[in-house]
Amino acid sequence: MTTDSTEQELLRGLAANDRKAIETIYRTYYSMVQTLVINNSGTSDDARDIFQEAIIVLYEKAKSGSFELHAQLKTYIYAVCRRLWLKKLAVYKRFSGDLANARETIATEDDLEIFEHRTKDFEMMEEALQNLGEPCKELLESYYIRKKNMSEIAKEFGYTNAENAKNQKYKCLMRLKKIFFGHYNNNNNS
Amino acid sequence: MDERLILESIERYIRGEMLPEERKFFEDLRKSNPGIDQLVVEHTVFLHMMEKFGDRKNIKSTLQDVHNELFETGQIKQSKETKVRRLWLKYRKTVAVAASIAAITALAISGITSYYAPRTPINQLQALNRQYSELARGQKSINERLNNKLPLKGPVPVETEIKGGTGFMIDPKGYIVTNAHVIGNSTIVIVQNNKGQEFSTRIVYINAAADLAFLKIVDSSFKAPAVLPYAINKGNIELGEAIFTLGYPRDEIVYGEGYLSAKTGYRGDSLTCQIAVAANPGNSGGPVLDKNGEVIGVLSNRQEHVQGAVFAIRSKNIFIALDDMKKDSSLNSKIDSSLTSIHLPQTSTVKNLDRVQQIKKIQEFIYLVKSY
């Protein structure tokens, strides 16, 4: 089954972090997931978390470019949410009822593995940034995540010139890389 | 070269910001200097990670934004999930187990109970005697006294149950038959005729099995009639036969009309028969007469919750009970000489009269029975 053009469009919008597309996705699929989670021992907060995680999986897949959806978007989101929720239930040790027995519609195992691996990396990055403290965290986030240029940053942070800001950024970067690669290599080798 | 400058160059190189000549120079440097090459690879990984990390942060915040906005504008509704439901979801397994145990226990207990319980037929018969209003009044006055905290001076009315019913004469000497349950355990029985005259009586014989009781008026004011207008039927009865009753469901004599609806009584009891007639508490002990003025039964009780199922003791039981009484040796000591000479009336003198005339003649021999 190929997905129709509207769904392809939605995915392109999602990959571009387009608010309109995300709103449409939310409106179309959220209540389905909410029903799934709440009918299976979950709360509406659980439903929100599960749904958002599923959309992130979809987003990262869409962004990787090599993404081809072989099922309807609805089916894919449902399958991902179901798996994610089963895992949460296992962690909570709550009764999963017949959700576990339901037949899996499409395989999402690989996608979720990638997602979880990345999530771990990102958590590590978050922690490393947290350990740097201010102003390093803010400085690096402004440059690498928010993509501001160094003279803007210098002005924002009150450095007398961009050169000083670059110096500071360099020191922070070296510290971050040290912490992060320390964790990263440890984790990936073990 | 300053390490910082090297890193900045690497970043520019990775991002493709270098001019062609500069890029050429840098690529040559990479090839000749493994340290630089290593740094490039490492920094590429790092930048890639930062990129993805940023993306993830952005999409997360967008999602949360959208979520909040859609909820606030009501485009997505939170499904109603109350605290009760949450508790239910959490504990439904436990609840199910508890409920099963409760159900099994209940079934087991009811099973055991019904297995060991004696199998007695449920008595759904309501005796048609009536509770006297004097009792209610008596209790009311006691309650009033108690409520008003009046000193309980003098004898407090003893709470004896006053039962009421109907009886009818079977021998001009003053013998009256009524239901045994009208008398119950009472010792004092007073009868009252339709003119309001009261006579004291003596309980002659009670046959609880047949639910019949015999009384004798022992009052000086009683004048024995020459003959009774009605007869006591000894023979058979026919289904559908028209019948009528006279009794005291209230202090006034009340006439009722109906038909014989079954030759047996409650649960096939052959001592009784079923009649369709309006009967109320107080009718107990009253005669059931056929169109010829022959007593065919003694009205006794009705089936509860069933419309029009009234039962009467067949009149032939009066004969049987009288025979038993005469044979009963325990009664011999206190036996009245007249007892053995009870003769039930055999011929009805109202046979061809119309109903109003029949009743006029019969009613004075129907008594209101009050037992204290």
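Trainee: How many helices and strands does chain A have?
Mentor: Chain A has eight helices and zero strands. Helices (H or I, at least four residues) and strands (E, at least two) are DSSP runs, numbered from the N terminus. This is a predicted model: local features need pLDDT of at least 70, side-chain atom pairs count only at pLDDT 80 or more, and totals for chains, interfaces and linings use all residues. Residues are numbered from 1 along each chain as its sequence is written, while chains are lettered from A and ligands numbered from 1 in the order in which they are written.

Trainee: What share of chain A counts as buried?
Mentor: Of its 190 residues, 33%. Buried means that 20 or more other C-beta atoms, placed from the backbone, lie within 10 Å of the residue's own; 12 or fewer is exposed, and in between is partly exposed.

Trainee: At what angle do α1 and α2 of chain A pack?
Mentor: About 125°, with the axes 7 Å apart. α1 covers residues 5–15 and α2 covers 19–38. Axes are lines fitted to C-alpha atoms, for helices over the stretch in contact, and angles run from 0 to 180 degrees between N-to-C directions.

Trainee: What does that make them to each other?
Mentor: α1(A) and α2(A) are therefore oblique. Under 35 degrees is roughly parallel, over 145 roughly antiparallel, 65 to 115 roughly perpendicular, and the rest oblique.

Trainee: Which residues make the contact?
Mentor: From α1(A), A:L10, A:G13 and A:L14; from α2(A), A:K20, A:A21, A:I22, A:T24 and A:I25. Contact means C-beta atoms, placed from the backbone, within 7 Å. By class, that is five nonpolar, two polar and one charged. Ala, Val, Leu, Ile, Met, Phe, Trp, Tyr, Cys and Pro count as nonpolar, Asp, Glu, Lys and Arg as charged, and the others, Gly among them, as polar.

Trainee: Switching to the interface. How many residues are in contact?
Mentor: 30 of chain A with 27 of chain B.

Trainee: Which element of chain A gives the most there?
Mentor: α2(A), with 10 residues. The side of chain A that touches chain B has 13 nonpolar, nine polar and eight charged residues.

Trainee: And the scores?
Mentor: The model has ipTM 0.81 and pTM 0.46. Chain B averages a pLDDT of 81, and 84% of its residues score at least 70. pLDDT is the predictor's confidence in each residue, from 0 to 100.

Trainee: Where in chain B does pLDDT stay under 50?
Mentor: Over residues 154–159. The model has five contacts beyond four places in sequence for that stretch. Where pLDDT is low, the predicted coordinates should not be read in detail.

Key:
Two residues are in contact if their C-beta atoms, placed from the backbone, lie within 7 Å.
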